[in-house]
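My entries follow in the order in which I made them.

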Amino acid sequence: MSKSIKLKNNTCWDIDSIRANGKSIGYIVESGSNDNGSWIKFSDGTMICRGVVTTGNVTFAAWGSLYQYEVPSVSFPLSFIDMPHIDFTSNNPSNEYNYCLEAGTYQTTKSETGIMRVVRPLATTGRIQIKWTAIGKWK
């Protein structure tokens, strides 16, 4: 029996057809959230965790011809069994400056995002909001 999700417009979406990189990742077996973010577990063992962290006022330090700030590592809502892939975006929650570039993470573990480096072309002080997504295996 196929499982489906009923959408607001009363159409049904077959959840057995959820795909990542052209392969079925099965159906959702669990989802939830806690203080560290949210998660979705799929039947094939894939897990997606998401979260948001907002800093207080920070000062971007010189980094070559750019300026950078390293957002400390954040705990995932659930741990992975292997190292997950991390993506993140950054913005300024109160428009104190125009934009940031995401330079990557390092020191990622099975239970934490690792340090997230944010880079700007100009020296600045302000808040940063990071929205991160981690994809890996839960089983």
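**Entry 1: strand pairing**

I began with strand E6 (residues 37–42) and strand E7 (residues 46–54), which run antiparallel and are joined by four bridges. Strands here, marked E, are DSSP runs of at least two residues, and helices, H or I, are runs of at least four, numbered from the N terminus. Two strands pair if DSSP finds at least two bridges between them. The model is a predicted one, where local features need pLDDT of at least 70 and side-chain atom pairs count only at pLDDT 80 or more, while totals for chains, interfaces and linings use all residues. Residues are numbered from 1 along each chain as its sequence is written, and side-chain values use heavy atoms, with hydrogens and water left out.

I looked up two of the bridge partners in E7: Ile48 is the partner of Ile40, and Cys49 is the partner of Trp39. E6 and E7 form a hairpin with three residues between them, and Gly45 in the turn has a positive phi of about 100°.

I then stepped back to E5 and E6, which run antiparallel with six bridges between them. Ile28 has Phe42 in E6 as its bridge partner. E5 and E6 also form a hairpin, with two residues between them.

**Entry 2: the sheet**

Which strands make up the open sheet, and in what order? I read five strands in the order E5-E6-E7-E15-E11, with antiparallel pairing. Strand E5 (28–34) and strand E11 (85–91) each have a single partner strand and stand at the edges, so one side of each is left without a neighbour in the sheet. Neighbouring strands of this sheet are turned by 10° against each other on average, direction ignored; the axes are lines fitted to C-alpha atoms, for helices over the stretch in contact, and angles run from 0 to 180 degrees between N-to-C directions. As background, I noted that side chains in a regular strand alternate between the two faces of the sheet.

**Entry 3: the chain and its core**

I counted zero helices and 15 strands in the chain. Of its 139 residues, 35% count as buried; buried means under 20% relative accessible area, exposed over 50%, and partly exposed in between (1.4 Å probe, protein chains only). Of contacts (heavy atoms within 4.5 Å) between residues at least 6 apart in sequence, 62% join residues at least 24 apart.

The largest nonpolar core has 18 residues, of which Cys49, Met116, Val118, Ile130, Trp132 and Ala134 touch the most other members. Such a core is a set of buried Ala, Val, Leu, Ile, Met, Phe, Trp, Tyr and Cys residues joined through side-chain atoms within 4.5 Å. E7, E11, E13 and strand E15 (129–137) each supply at least two residues of this core.

I located Tyr69 in strand E10 (residues 66–71). Is Tyr69 buried or partly exposed? Tyr69 is partly exposed, because its relative accessible area is 21%. Not counting residues up to four places away in sequence, Tyr69 touches Thr55, Val58, Thr59, Phe60, Met116, Arg117, Val118 and Ile128. Ile128 is 59 residues from Tyr69 in sequence, and their C-alpha atoms are 9.3 Å apart.

I followed Thr55 next, in the loop between E7 and strand E8 (58–59). Thr55 counts as buried at 11% relative accessibility. Leaving aside neighbours within four places in sequence, the contacts of Thr55 are Tyr69, Val71, Gly126, Arg127 and Ile128.

Gly126 sits in strand E14 (residues 125–126) and is buried, at 2% relative accessibility. The C-alpha atoms of Gly126 and Thr59 are 6.7 Å apart, across 67 residues of chain.

**Entry 4: Arg117**

Arg117 belongs to strand E13 (residues 115–120). With a relative accessible area of 19%, Arg117 is buried. Which side chains does Arg117 reach through polar contacts? I found Gln68 at 3.0 Å and Glu70 at 2.4 Å. A polar contact is a pair of N or O atoms within 3.5 Å; within protein, one must be able to donate a hydrogen and the other to accept it, and residues adjacent in sequence count only if both atoms are side-chain atoms.

**Entry 5: Gln107**

Last, I checked Gln107 in the loop between strand E12 (101–106) and E13. Most residues other than glycine have a negative phi. Gln107 has a positive phi, near 65°. Gln107 is exposed, with a relative accessible area of 57%.
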